[in-house]
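Keep the viewer open as you read.

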Amino acid sequence: MTDEPTNFLYPFIDAQEHDPTSLLADLTASAEAKAAESLALRRSTLEENSELIATAGAEMARRFAAGGRLFTFGNGGSCTDCTTLARLFARPPDGTPLPAWSLTADQAIMTALGNDVGFELVFARQLIARGKAGDIAIAMSTSGSSPNLMAALAEARRRDIYTIGFAGYDGGAFAKSPDVNACFVVRSQSVHRIQESQALLGYQLWLTVHEQMGAVV
């Protein structure tokens, strides 16, 4: 009998454990280990990307001050994350609202483009219609290599839109592409840990932009 693929995540699920106390201890240890791993990765990621956050935040602040707008996009879980990031900029709990939109938010546009021109162009075609020189584009991904994100980033660069990529693993195609002005890499093999750290990176980027806006305005 072979192990299930999820056993490395939750080894206690298939264990022949009849003692509830021992099972609870296993659950607690698993949760604590994941929390510790997540905290360590978030700290190291912020440290490794601190200079890039400062550089990207300053450029974003300059563009916002000049009338630029932010567009975010991603697939799957990164779709949710990019929408959260756009909302943080557009409707912050504290601070100045800035013009920001998620290109995944409109179901009619997404499905029309996916059906009519192909899913690989669902973000690029929106940037053609809405993007202009001086804007900002943020692509969020765990692999850093999704074709529709790469197509959108290439289109953004052609339009003098400042491009930022969030990626995991080794950065994927984002890290090697001339179409990405700034690439934040979360060096982990876990999708869960990558997205947790990307959320913190996005928040730190938002904080940095507002700090820089105070200096720019």
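How many bridges join strand 1 to strand 2? There are 3 of them, and strand 1 runs parallel to strand 2, which covers residues 100-102. Please keep in mind that this is a predicted model.

**The overall picture**

The protein has 8 helices and 5 strands. Read from the N terminus, these elements follow the order α-α-β-α-β-α-α-β-α-β-α-β-α. The chain holds 217 residues, and 44% of them count as buried. Among contacts with a separation of 6 or more, 69% are between residues 24 or more positions apart. The accessible surface of the protein is about 11200 Å², with 55% of that belonging to carbon and sulfur atoms.

Leucine 70 has a bridge partner in each of two strands: alanine 100 in strand 2 and isoleucine 136 in strand 3. Another pairing here is that of phenylalanine 71 with alanine 137 of strand 3. Strand 1, helix 3 and strand 2 together form a right-handed β-α-β unit.

Why is strand 3 largely enclosed by the rest of the structure? The reason is that 5 of its 5 residues are buried. On one side sit Ile136, Ile138 and Met140, on the other Ala137 and Ala139, and both faces are covered.

Strand 3 also pairs with strand 4, again in parallel and through 5 bridges. Isoleucine 136 stands opposite tyrosine 162 of strand 4. Between strand 3 and strand 4 the chain passes through helix 6 (residues 147-158), in a β-α-β crossover that is right-handed.

The pairings look like this side by side:

| Strands | Bridges and direction |
|---|---|
| strand 1 and strand 2 | 3 bridges, parallel |
| strand 3 and strand 4 | 5 bridges, parallel |

**The nonpolar cores**

Which residues touch the most other members of the largest nonpolar core? They are Met60, Phe64, Phe89, Ile138, Ile164 and Leu205, in a core of 30 residues. Helix 2 (50-65), helix 3 (77-90), strand 3 (136-140), strand 4 (162-168), strand 5 (182-186) and helix 8 (191-216) each give two or more residues to this core. A second, separate core has 23 residues, including Val122, Ala124, Leu153 and Val180.

Setting aside residues up to four places away in sequence, phenylalanine 89 touches Met60, Phe64, Leu70, Thr96, Pro97, Leu98, Ala100, Leu205, Trp206 and Val209.

**A buried glutamine**

Apart from neighbours within four places in sequence, the contacts of glutamine 198 are Met140, Ser141, Phe166, Ala167, Gly168 and Val186.

**Helix 4 and some positive phi values**

At the start of helix 4 (residues 107-116), a side-chain oxygen of aspartate 106 comes to within 3.0 Å of the backbone nitrogen of alanine 108. After helix 4 comes glycine 118, with a positive phi near 110°.

Aspartate 160 lies in the loop between helix 6 and strand 4, and is partly exposed with a relative accessible area of 47%. Tyrosine 169 lies in the loop between strand 4 and helix 7 (172-176). At 25% relative accessibility, tyrosine 169 likewise counts as partly exposed.

Technical notes. Residues are numbered from 1 along each chain as its sequence is written. This is a predicted model: local features need pLDDT of at least 70, side-chain atom pairs count only at pLDDT 80 or more; totals for chains, interfaces and linings use all residues. Side-chain values use heavy atoms; hydrogens and water are left out. A nonpolar core is a set of buried Ala, Val, Leu, Ile, Met, Phe, Trp, Tyr and Cys residues joined through side-chain atoms within 4.5 Å. Buried means under 20% relative accessible area, exposed over 50%, partly exposed in between (1.4 Å probe, protein chains only). Helices (H or I, at least four residues) and strands (E, at least two) are DSSP runs, numbered from the N terminus. Contact means heavy atoms within 4.5 Å. Accessible areas come from the Shrake-Rupley method with a 1.4 Å probe; for residues, only the protein chains shown count as cover. A polar contact is a pair of N or O atoms within 3.5 Å; within protein, one must be able to donate a hydrogen and the other to accept it, and residues adjacent in sequence count only if both atoms are side-chain atoms. Two strands pair if DSSP finds at least two bridges between them. A crossover is right-handed if, with the strands pointing away from the viewer, the path from the first strand over the helix to the second runs clockwise.
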